[in-house]
Amino acid sequence: MLGLGKTTKGDFLSSEDMELLETLGGYLGIAIQNGQLYASLQQKVAEYERLKDFNENIVESINVGVMALDMEDRIESWNAQMEVMYAVPRWQTMTQPLKAIFPPEFVEEFNRMRQNPGIHNLYKFRLKTPAGEVRTVNVAVAPLVTRKFQVIGRLVIMDDITERIELEAQLSQADKLSSIGLLAAGVAHEVNTPLAVISSYTQMLSKQLQGDPQKSGLLEKITRQNLPRIRDRKQPAEFFPHQWQRDWRCGREQGDCRHAGAAGTSVQDGQGRSGKCACAQVAGDPGKSGKTATGVSESIPQRQRCHAGRGKLRVATMNGESVSVCVSDTGSGIAPEHIQRIYDPFFTTKTSPREGQARGTGLGLSVTYGIIQEHAGKIRVESHPGAGTTFTLDFPLSRKAVHV
């Protein structure tokens, strides 16, 4: 409303003045209305941007990978968890076709699921990333629809369960080792009695045959081999800093485990391996930790090629935040269907051993796994059929106490 009085000279407004004012009033009303509409539009845009940012923050904050595709399977959205899981930044994926970013195995499964409407799930899919890692993911593919239920694309959700699968495998292995531990305790009880008798009579015979060096030497070897095994079965592992050094070559194996204030202990198994690696101080039981590399090397397929000169058995060490021992060969590798069972008690592939090879018991790697877990370490395996196998054993370094 526009209210006017007389002119500056005190006269009343003429009809021409009224027409002019009415015209101007129309324009002023339109301008005011436009201003109000523009302010309302700005408010709506700000509200839209706020909701958009809020929704994007939700998508970016969840701990699963979220990817949106258009109807031609071009990537339109790629959240932060996808960047972390798949090791590809967002800017490299936007507007790119799915087949240009993901491996053919995943694209094939995606095309199979998209043929049917609705939501589809793919469980425990092993996804190879451009970084060379293999992640285990649960995948859900759902149609992307508008408020009017018009399909405008597809929503792909990936849940990385790699660590969960590894934890489940460790728990399963722990249950298996617990069962084998109960069995071993019963067997050890039955074995200790005859071993104790053998040890006692051997020491008695040693005193009676002190004048015969040859027989005394044989009895002394029996005693040396017998007593440590009796003690190992009766005593739990003793953890203290010690130096671990192993020599490996194609001839024999020597292990030298030295701990503070005690004499060195020499171990020989006569299996024909040797070489050299540097010493490193780890906290653990010298007798048990010294058995891990031996157990791993005995499980590597076709290790006998080392003796025939047709292959290599290599042992290397690395020192950093932990002590890592890598045992690898150039043999036939481990079959993919066996790789998940190699730590299972009594699982062995040496059911039909070659000439000169002993039949496997299936306990070597399960015992090794238990020892490494007891030392708060880790064991990893990488094997490619026809290209060899590598076991990596990680032991935490011993830390010296700091007195303040």
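The model is a predicted one. The chain has 404 residues, and 32% of them are buried. Its secondary structure comes to 9 helices and 13 strands. Take the contacts between residues at least 6 apart in sequence: 53% of these join residues at least 24 apart. The chain exposes about 26,300 Å², and 55% of that comes from carbon and sulfur atoms.

I'll start with the largest nonpolar core. As background, nonpolar side chains in soluble globular proteins tend to be buried together. Here the largest such core holds 23 residues. Which of its residues touch the most other members? They are Met67, Trp78, Phe102, Phe106, Val156 and Met158. Several elements give two or more residues to this core, including the strands β1 (65–70), β2 (75–78) and β3 (120–128). Strands β4 (134–145) and β5 (151–160) are also on that list. The helices on it are α2 (80–86), α3 (98–101) and α4 (104–114). Of the elements, α4 gives the most, with 4 residues.

Phe106 is worth a look on screen. Leaving out residues up to four places away in sequence, Phe106 touches Leu98, Phe125, Leu127, Val139, Val156 and Met158. Is Phe106 buried or exposed? Its relative accessible area is 1%, and buried means under 20%, so Phe106 counts as buried. Phe102 has a relative accessible area of 4%, so by that cut-off Phe102 is buried too.

That brings me to the aromatic rings. The count comes to 5 aromatic pairs. In one of them, Trp78 and Tyr86 sit edge-to-face, 6.2 Å centre to centre, with 70 degrees between the planes. Both Trp78 and Tyr86 are buried. Another pair is formed by Phe102 and Phe106, and this one is tilted: the centres are 4.8 Å apart and the planes make an angle of 35 degrees. Trp78, Tyr86, Phe102 and Phe106, together with Phe125, form one aromatic cluster.

Now the second core. A separate core of 16 residues includes Leu177, Val323, Ile379 and Phe395.

Next, the sheet. In general, strands of a sheet pair through backbone hydrogen bonds, either parallel or antiparallel. In this sheet, which is open, 4 strands are arranged in the order β10-β11-β13-β12, with antiparallel pairing. Which strands are at the edges? They are β10 (313–319) and β12 (378–384), each of which pairs on one side only. From one strand to the next, the twist averages 15 degrees.

Looking at one end of the sheet, β10 is joined to β11 (residues 322–329) by 7 bridges, and these two strands run antiparallel.

Helix α9 (residues 364–374) lies across β12 and β13 (388–396), and runs at about 140 degrees to β12. Which residues of α9 are buried? Leu365, Ser366, Thr368, Tyr369, Ile371 and Ile372 are. After α9 comes Ala376, which has a positive phi, near 60 degrees.

How values were computed: Residues numbered from 1 in each chain as written. Predicted model: local features only at pLDDT ≥ 70, side-chain atom pairs only at ≥ 80, totals over all residues. Heavy atoms only, no water. Pairing = 2+ DSSP bridges. Axes fitted to C-alpha atoms, helices over the stretch in contact; angles between N-to-C directions. Contact = heavy atoms within 4.5 Å. Buried < 20%, exposed > 50% of the residue type's maximum accessible area, 1.4 Å probe, protein only. Phe/Tyr/Trp six-rings, centres within 6.5 Å; stacked < 30°, edge-to-face > 60°. Areas by Shrake-Rupley, 256 points an atom, 1.4 Å probe, with all protein chains shown as cover. Core = buried A, V, L, I, M, F, W, Y, C linked by side-chain atoms within 4.5 Å.
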